[in-house]
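The sequence and the structure come next, followed by the description.

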Amino acid sequence: MTIRPLDPADAEAVERITRLSPEAADWPMESYRGLPAWVAESDGRVLGLLVARIAADEMEILNLAVEPASRRRGAGTALVDAAVEHGRRTGAARVFLEVRESNLVAQRFYERRGFAVTGRRLRYYRQPEEDALLMAREVAPAP
Ligand SMILES: CC(C)(COP(=O)(O)OP(=O)(O)OC[C@H]1O[C@@H](n2cnc3c(N)ncnc32)[C@H](O)[C@@H]1OP(=O)(O)O)[C@@H](O)C(=O)NCCC(=O)NCCS
């Protein structure tokens with residue numbers, strides 16, 4: 001499996017993966033233009049994606065999804081590690097994200113990657129309405 005930057009030609013794969021992942025955001029591909037974003041690929045097939053944004057010294061993970069049939073094989077970990085490494089190289093001191101309070105799988109996953117719950121955003125999500133938990137981890141500066 002390899003991690004590479006998201007390309008406009010990945011639009012169909014991104015649409016497929018987010019359609020199969022109701023916990024993830026299904027924003028249109030155009031909204032990712034100019035943002036740091038990666039895909040996990042195996043044998044030419046795109047298995048997952050991560051989209052982030054950087055503001056000042058913070059990186060936010062905006063979207064992360066791995067197709068259901070390819071989960072528990074390290075793709076999510078590889079995507080988050082690539083994003084955190086990019087953040088480190090570009091001077092991010094902290095990476096954070098919002099996750100639905102009911103999305104325990106993603107919370108376990110992020111905890112394994114060193115994130116901890118730091119707050120709550122009331123009624124952050126719609127359809128269905130739900131609070132977001134804010135999770136964050138510090139990023140050690142590049143040597
Ligand atoms: C969260 C998600 C991206 C994880 O992707 P993944 O490729 O399956 O993750 P990994 O294989 O790297 O998992 C790493 C570790 O996370 C934890 N983890 C992942 N899925 C888990 C699950 N279903 N139950 C419990 N722990 C889980 C485990 O500790 C796992 O390590 P292990 O497989 O050695 O036990 C994936 O489940 C997904 O796409 N979910 C739907 C979309 C979503 O929730 N996105 C996040 C929105 S904020």
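## Core, sheet and ligand shell

The largest nonpolar core has 36 residues, and those with the most contacts inside it are A37, W38, L49, L50, L79 and A83. At least two residues of this core are supplied by each of α1, β2, β3, β4, α2, β5, α3 and β7, and the largest share, six residues, comes from β3. The model is predicted. Leaving aside residues up to four places away in sequence, L50 touches A37, W38, I61, N63, L64, L79, V80 and A83.

The sheet is open and is formed by seven strands in the order β1-β2-β3-β4-β5-β7-β6, with mixed pairing. Because β1 (2-5) and β6 (116-125) stand at the edges with a single partner strand each, one side of each is left without a neighbour in the sheet. From one strand to the next, the twist averages 30°.

Two helices can be described by their relation to β3 and its neighbours. Helix α1 (residues 11-19) lies across β3 (45-55) and β4, whereas α2 packs on the sheet and touches β1, β2, β3, β4 and β5. Their directions relative to β3 are listed below.

| Helix | Angle to β3 |
|---|---|
| α1 | about 90° |
| α2 | about 30° |

Around the ligand there are 21 residues, of which E23, R71, G76, T77 and F109 come nearest. Two or more residues of this shell are given by each of the elements β4 (58-66), α2 (75-89), β5 (94-100) and α3 (104-112), and the largest share, five residues, comes from α3. By residue class, the shell around the ligand divides into ten nonpolar, five polar and six charged residues.

A last point concerns the segment after β7 (130-138), where P143 is found. P143 counts as exposed because it has 4 C-beta neighbours inside 10 Å, the cut-off for an exposed residue being 12 or fewer. Computed along the chain, P143 and S70 are 73 residues apart in sequence, while their C-alpha atoms are 34 Å apart in space.

Technical notes: Residues are numbered from 1 along each chain as its sequence is written. This is a predicted model: local features need pLDDT of at least 70, side-chain atom pairs count only at pLDDT 80 or more; totals for chains, interfaces and linings use all residues. A residue is near a molecule or strand if its C-beta atom, placed from the backbone, lies within 6 Å of it. Helices (H or I, at least four residues) and strands (E, at least two) are DSSP runs, numbered from the N terminus. Ala, Val, Leu, Ile, Met, Phe, Trp, Tyr, Cys and Pro count as nonpolar, Asp, Glu, Lys and Arg as charged, and the others, Gly among them, as polar. A residue is buried if 20 or more other C-beta atoms lie within 10 Å of its own, exposed if 12 or fewer, and partly exposed in between; C-beta atoms are placed from the backbone. Two strands pair if DSSP finds at least two bridges between them. Axes are lines fitted to C-alpha atoms, for helices over the stretch in contact, and angles run from 0 to 180 degrees between N-to-C directions. Two residues are in contact if their C-beta atoms, placed from the backbone, lie within 7 Å. A nonpolar core is a set of buried Ala, Val, Leu, Ile, Met, Phe, Trp, Tyr and Cys residues joined through C-beta atoms within 7 Å.
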